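Biologist: Before we look at any details, could you take me through how to read a model of this kind, starting with the ligand and then moving to the protein around it?

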Amino acid sequence: MKLLVTGGAGYIGSVVAARLLEAGHEVVVLDDCSTGHADAVPSGAALVRATLRAAAGDVLAEGFDGVLHFAAKSLVGESVEKPGLYWDKNLGESLALLDAMRVHRVPRIVFSSTAATYGEPERTPIVETDPTRPTNPYGASKLAIDTVLAEYARMYGIGGVSLRYFNVAGAYGTYGERHTVETHIIPNVLKVPLGERESVSIFGTDYATADGTCVRDYIHVVDLATAHLLALEACAPGEHEIFNLGSGAGYSVREVIDVCREVTGEPIPAVEGPRRPGDPAVLIASSAKITERLGWKPERDLRSMVADAWAFIRS
Ligand code: UFG
């Protein structure tokens, strides 16, 4: 297929673009490189460096079989500080993209949604029919795009799949996480053995969990990429489907740090600090729906996520 990958200069977009090329697809990346890196775009893909609003129409006019939509602002804290930015970049630019798809008759889209659409869960594991009550503008903007996708499917026959990612980690060879502002736990822990930080902070030790720290469901970026390839094939005209993507297992912050110690062989001092505002205690996905419907299963464990991230950041 001829595919447009928005945000293909970013962490997840670049890994998926690489896997799509390996599977024999033709890939064009559309990215303004505001947070992504032009040199992260796989060499077999063409790069159009522009915003979706400026360029989606012209690019899609060339004729495409599908879109994988990763381009987004994705920092929860920043979204609370600058909600307008998140509504504009996430929802506004997605509307421009979807409308260009409608005009140029692009039949399918796979969208990067998030666990943040659920907010503080009433129960775990979270299933796709659970209530969506996002607790920040980032999650709210992603939920709004899920809703718009359902409307574009109903009105214009586009086939859409929203994949709700839980905590994505790991790397794929030379493709990995390179955020200028790094908030995620694994790359932050690995900065200690890399010599860029003295210690890692544990945000909160008084949660109602076994060891008092937050529990998250980590998924390897390569397993996540596999789900995108399956979702692309599964897009059905006029239908919008939502699938959670996690491993179904939870790891506490302390357990993540322990795995980083094992993989790197370094002591990694950890400093206990206060809670980070807005963090739910436990987020674990049920991925039963995507396993049942698309035959997807995670194949890589937390140790392999940390080992691949560690190899990537040292390279
Ligand atoms: N944490 C620390 N120290 C750090 C960084 C993180 O203790 O230096 C903790 C956090 O408080 C949290 C856990 O590690 O309990 C995981 O934090 P991340 O920032 O790695 O990931 P989040 O669970 O906050 O975020 C993920 C996605 C977001 C998404 C969110 C949904 O990365 O895009 O899940 O809640 F919005």
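Modeller: Let us start with a polar contact, a pair of N or O atoms within 3.5 Å, where within protein one must be able to donate a hydrogen and the other to accept it, and residues adjacent in sequence count only if both atoms are side-chain atoms. Here a polar side-chain atom of Arg216 lies 2.7 Å from an oxygen atom of the ligand. The protein covers 91% of the 690 Å² of accessible area that the ligand has on its own, by the Shrake-Rupley method with a 1.4 Å probe, for which, in the case of residues, only the protein chains shown count as cover. This is a predicted model, in which local features need pLDDT of at least 70 and side-chain atom pairs count only at pLDDT 80 or more, while totals for chains, interfaces and linings use all residues. Residues are numbered from 1 along each chain as its sequence is written, and side-chain values use heavy atoms, with hydrogens and water left out.

Biologist: Which backbone N or O atoms lie by an oxygen atom of the ligand?

Modeller: One belongs to Phe203, at 2.9 Å from a ligand oxygen, and another belongs to Thr183, at 3.3 Å from a ligand oxygen.

Biologist: How many residues surround the ligand, and which are the closest?

Modeller: A residue is near a molecule if one of its heavy atoms lies within 4 Å of it. The ligand is surrounded by 19 residues, the closest being His184, Ser201, Arg216, Arg276 and Asp279. With Ala, Val, Leu, Ile, Met, Phe, Trp, Tyr, Cys and Pro counted as nonpolar, Asp, Glu, Lys and Arg as charged, and the others, Gly among them, as polar, this shell divides into ten nonpolar, six polar and three charged residues.

Biologist: Which element supplies the largest share of the shell?

Modeller: Helices (H or I, at least four residues) and strands (E, at least two) are DSSP runs, numbered from the N terminus. Strand 8 gives the largest share, three residues, and both strand 8 (200-203) and helix 6 (185-190) supply at least two.

Biologist: How should I read a nonpolar core, and which residues have the most contacts inside the largest one?

Modeller: In soluble globular proteins, nonpolar side chains tend to be buried together. A nonpolar core is a set of buried Ala, Val, Leu, Ile, Met, Phe, Trp, Tyr and Cys residues joined through side-chain atoms within 4.5 Å, where buried means under 20% relative accessible area, exposed over 50%, and partly exposed in between (1.4 Å probe, protein chains only). The largest such core has 37 residues, and Ile12, Leu68, Leu163 and Leu245 have the most contacts inside it. Among the elements that give two or more residues to this core are strand 6 (159-165) and helix 7 (221-234).

Biologist: Is His228 buried or exposed?

Modeller: His228, which is found in helix 7, counts as buried because its relative accessibility is 0%. A polar atom of the His228 side chain lies 2.7 Å from the backbone oxygen of Leu224. Contact means heavy atoms within 4.5 Å, and, leaving aside neighbours within four places in sequence, the residues in contact with His228 include Leu68, Leu163 and Tyr165.

Biologist: And is Pro277 buried or exposed?

Modeller: Pro277 is exposed, because its relative accessible area is 76%, and Pro277 sits in the loop between strand 13 (270-273) and strand 14 (282-283). The C-alpha atoms of Pro277 and Gly77 are 8.5 Å apart in space, although these residues are 200 residues apart in sequence.
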